Amino acid sequence: MPEFWVSSGHHLTRRDAGGGLVVTDELLLAYLARPELVPPADACPAERALHAALLGDPRRPVTAAEVAALADADARENWGVILAFRDRLLAAPTVEAAYLDLVRRGTAGTPPLFLNQLVHLILRNALDGCDAPHTLRAAELFFRPQRAAVSDGALLLADAELVDEAEGARGRSPLVAMLGREPVSELDVLTSDNAWTYWSRSDAFSMALNLGADPRSREGLARAIEAFVHHLLAVEVAVAPIPAIEDRDWRWFVGLDAEATRIGNALWRGEPVEAAAGERVIALFRLTIRDPARADPRVGDRPVYLMLAMNPDRIVTMKPQNLIAGLPVVATGGA
């Protein structure tokens, strides 16, 4: 099976008997290697000593006084954030359990970057053995914001950071600007013919996804949602893309991002939704909880509808924590 998403850091962890990822010293050391934490040339002795001590023992307790002793205010803030995050990781038996705890008890104080890294790592575990490039590329939406654009009538999604870096490095081509083409359209779009190349560039996030016209892309996102939910909540769900919500008695929905949640809430309350907002909904899914005993009685055997949207700037920022917090699933004795 080809390797993928090495940048997730999954090779720095190990699985426990239940299939979850155990937090290792190697994983913690990877966080300490982040540029925000490596002491700069003008760092004070206290910051250098703290960093060196943690490199020697990444689980070492750090007192508030040690952080307060750092001369630079930004350094104090950075260290406070990473140490609080580290301690939450260490308090949980697995990476998955730490993520569930963050979602359920609140993510305030945890940078989105760290949440995305956790999701990246958890999905790499959940999708281990997956041999479908469309599923893996669609799963990138869980932890990488996307830039949306229409090219030849199809809605394409490309990695927002990659597009922004490319535009910043070389500027937008005058010819491309004159033709009115989007930078997204300059990237390779994942197709059946080039899918084999995904494995060699999965960590570059350099392939665009044809979400609008390629059914395999929407099916791939559905499979990723199924795997994520099953891995974290131990409940089997069936997810299917749909063109529209035609159910007049829909009981439950989950917005997969902030914009979709806003639009869905308005529809739920019977409020008018401006046409421009409705056009920003880029994907709809019907989710069924296979075991009725795991479904909230308020939903029963009725489907749950999932909505994905782009914001007015055509950025898609999926919030997978909404699936964990928003699905009407009855908890079991597990995580």
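Which helices do the buried residues of H4 pack against? They pack against helix H1 (25-32), helix H2 (45-56), helix H3 (64-68), helix H5 (95-105) and helix H6 (112-126). This is a predicted model.

**Helix H4**
- Helix H4 covers residues 73-91, 19 residues in total.
- From its first C-alpha to its last, H4 reaches 27 Å, close to the 27 Å expected at 1.5 Å a residue.
- Buried residues in H4 are Ala75, Trp79, Ile82, Leu83, Phe85, Arg86 and Leu89.
- These residues lie on the same side of H4, because they cover an arc of only 165° around the axis.
- An α-helix has 3.6 residues a turn, so residues three or four places apart point the same way.
- Glu77 and Ala91 are exposed on the other side of H4.
- Asp72 sits at the start of H4, where one of its side-chain oxygens comes within 3.0 Å of the backbone nitrogen of Asp74.

**Tyr31 in helix H1**
- Tyr31 belongs to helix H1.
- Tyr31 has a relative accessible area of 10%, so it counts as buried; the cut-off for buried is under 20%.
- Leaving out residues up to four places away in sequence, Tyr31 touches Leu37, Ile82, Phe85, Leu89, Phe114, Gln117 and Leu118.
- Tyr31 and Arg86 are 55 residues apart in sequence, yet their C-alpha atoms are 8.8 Å apart in space.

**Nonpolar cores**
- In soluble globular proteins, nonpolar side chains tend to be buried together.
- The largest nonpolar core here holds 84 residues.
- Trp79, Tyr99, Phe142, Phe228 and Leu306 have the most contacts inside this core.
- Helix H10 (residues 215-233) supplies the largest share of this core, with 9 residues.
- A second, separate core has 10 residues, among them Ile242, Ile263, Met307 and Ala309.
- Trp79 touches Leu32, Leu37, Glu47, Leu50, His51, Leu54, Val67 and Leu70, with residues up to four places away in sequence not counted.

**The open sheet**
- The open sheet has 5 strands in the order E5-E6-E4-E3-E11, and its pairing is mixed.
- Strand E5 (188-189) and strand E11 (315-316) are at the edges.
- Each edge strand has a single partner strand, so one side of each has no neighbour in the sheet.
- Strand E4 (residues 154-159) pairs with strand E6 (residues 207-210) in the antiparallel sense, over 2 bridges.
- Leu157 stands opposite Leu209 in E6.

Conventions: Residues numbered from 1 in each chain as written. Predicted model: local features only at pLDDT ≥ 70, side-chain atom pairs only at ≥ 80, totals over all residues. Heavy atoms only, no water. Core = buried A, V, L, I, M, F, W, Y, C linked by side-chain atoms within 4.5 Å. Buried < 20%, exposed > 50% of the residue type's maximum accessible area, 1.4 Å probe, protein only. Helix = DSSP H or I, 4+ residues; strand = E, 2+ residues; numbered from the N terminus. Contact = heavy atoms within 4.5 Å. Pairing = 2+ DSSP bridges. Expected span 1.5 Å × (residues − 1). Arc of directions from axis to C-beta. Polar contact = N/O pair within 3.5 Å; in protein donor to acceptor, adjacent residues only side chain to side chain.
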